[in-house]
Structure formats: C-alpha cells, structure tokens
Amino acid sequence: MFDDRSPIFQQIAAQIRDAILAGDLSEGDQVMSTTQYATTYRINPATAAKAMSLLVEEQLIHKRRGLGMFVSEGARDRLATRRRAAFYDDVLDPALAEARSLGIPLVDIIRHIEEDR
C-alpha cells in the first residue's frame with residue numbers, strides 16, 4: 001500500500017483524493033476512521049490523523065461530531081478543478097514548450113491526439 005517515496009500521511013491523503021476523483025467515494029460517504037487506518041495498515045494513528053487534517057484543510061472531507069469523517073459536498077468538483085490546473089501547468093505546458101523547441105507544428109500535435117483516442 002505504501003511506498004518509501006513520500007510520507008505515509010501524504011500517501012493516505014492521495015489515496016482518498018483518488019477515490020473521490022474516481023467516484024469510489026461520493027459526497028456524503030463516510031471515510032475510514034483514523035483508528036481503522038491505523039489498525040488496518042499498522043501505522044501510527046497520528047499519521048492517519050495528519051492525512052485527515054490535510055484533507056479537511058483542502059475542504060474535501062469534514063468531521064461530523066461523534067460520527068466520523070465524510071466526503072464534503074462539491075469535493076469531487078474542487079479536486080477535478082485543481083487537478084486540471086495542475087495538468088496544464090505540470091504536464092501540458094512543458095510538453096508544448098518541448099514541441100515548440102523541436103519544431104513540431106500544433107496541427108501535428110492535434111492530429112496525434114485525435115488519432116490516439
């Protein structure tokens with residue numbers, strides 16, 4: 001489940017973000033508790049709590065007192081909007097800059113995208 005590349009709390013948060021984006025967790029769904037994460041994955045409960053706090057800050061989940069953590073309304077849309085922006089900034093813009101430096105015409109890039117569907 002966890003690799004050594006990033007802190008475990010970040011990996012837990014990423015897993016929950018991915019589940020929200022994929023629709024595996026929908027608005028109003030309950031998220032596994034910090035105790036469940038700690039028990040299931042044999043990690044420190046504080047590590048799981050740190051992941052939950054991060055997701056609360058991002059407004060993707062919220063706490064219902066005495067009930068646990070739940071996926072917030074609009075979480076998927078907020079997440080998709082952020083990921084789209086990151087895609088353009090981190091993936092597409094550098095790829096287009098590389099294509100320009102290689103002299104690849106935009107029409108060739110568009111044709112390749114359309115053929116790759």
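# Helix 1 and its surroundings

Q: What do the buried residues of helix 1 pack against?
A: The buried residues of helix 1 pack against helix 2, helix 3, strand 2 (68-71) and helix 4 (75-102). Buried means under 20% relative accessible area, exposed is over 50%, and partly exposed is in between, with a 1.4 Å probe and protein chains only. Contact means heavy atoms within 4.5 Å. Helices (H or I, at least four residues) and strands (E, at least two) are DSSP runs, numbered from the N terminus.

Q: What kind of model is this, and how are residues numbered?
A: This is a predicted model, where local features need pLDDT of at least 70 and side-chain atom pairs count only at pLDDT 80 or more, while totals for chains, interfaces and linings use all residues. Residues are numbered from 1 along each chain as its sequence is written, and side-chain values use heavy atoms, with hydrogens and water left out.

Q: OK, which residues of helix 1 are buried?
A: They are F9, Q11, I12, A13, I16, R17, A19 and I20.

Q: And Q10, where is that?
A: Q10 also lies in helix 1, which covers residues 8-22. Q10 counts as partly exposed, because its relative accessibility is 35%.

Q: How far does helix 1 reach?
A: From first C-alpha to last, its 15 residues reach 21 Å, close to the 21 Å expected at 1.5 Å a residue. The expected span is 1.5 Å times one less than the number of residues.

Q: What comes just after helix 1?
A: G23 does, with a positive phi of about 90 degrees.

Q: Where do R42 and Q59 sit?
A: R42 is in the loop between helix 2 (34-41) and helix 3 (45-57). Q59 is in the loop between helix 3 and strand 1 (61-64).

Q: Is R42 buried or exposed?
A: R42 counts as exposed, because its relative accessibility is 79%. Q59 is partly exposed, with a relative accessible area of 48%.

Q: Switching to M32, what does it touch?
A: Not counting residues up to four places away in sequence, M32 touches Y37, T40 and M52. M32 is found in the loop between helix 1 and helix 2, and at 30% relative accessibility it counts as partly exposed.

Q: How far is M32 from Y88?
A: They are 32 Å apart in space, C-alpha to C-alpha, and 56 residues apart in sequence. For Q10 and G103, which are 93 residues apart along the chain, the C-alpha atoms are separated by 39 Å.

Q: What about the whole protein, which pattern does it follow?
A: Read along the sequence, the pattern is α-α-α-β-β-α-α. That is five helices and two strands. The radius of gyration is 19 Å, well over the 13 Å that the globule rule gives for 117 residues, so the protein is more spread out than a compact globule. This radius is taken over C-alpha atoms, and the globule rule is 2.2 Å times the number of residues to the power 0.38.

Q: What does the C-alpha trace span along its principal axes?
A: About 60 × 30 × 25 Å.

Q: How much of the protein is buried?
A: Buried residues make up 26% of the 117 residues.

Q: And what share of contacts join residues at least 24 apart?
A: The share is 52%, among contacts between residues at least 6 apart in sequence.
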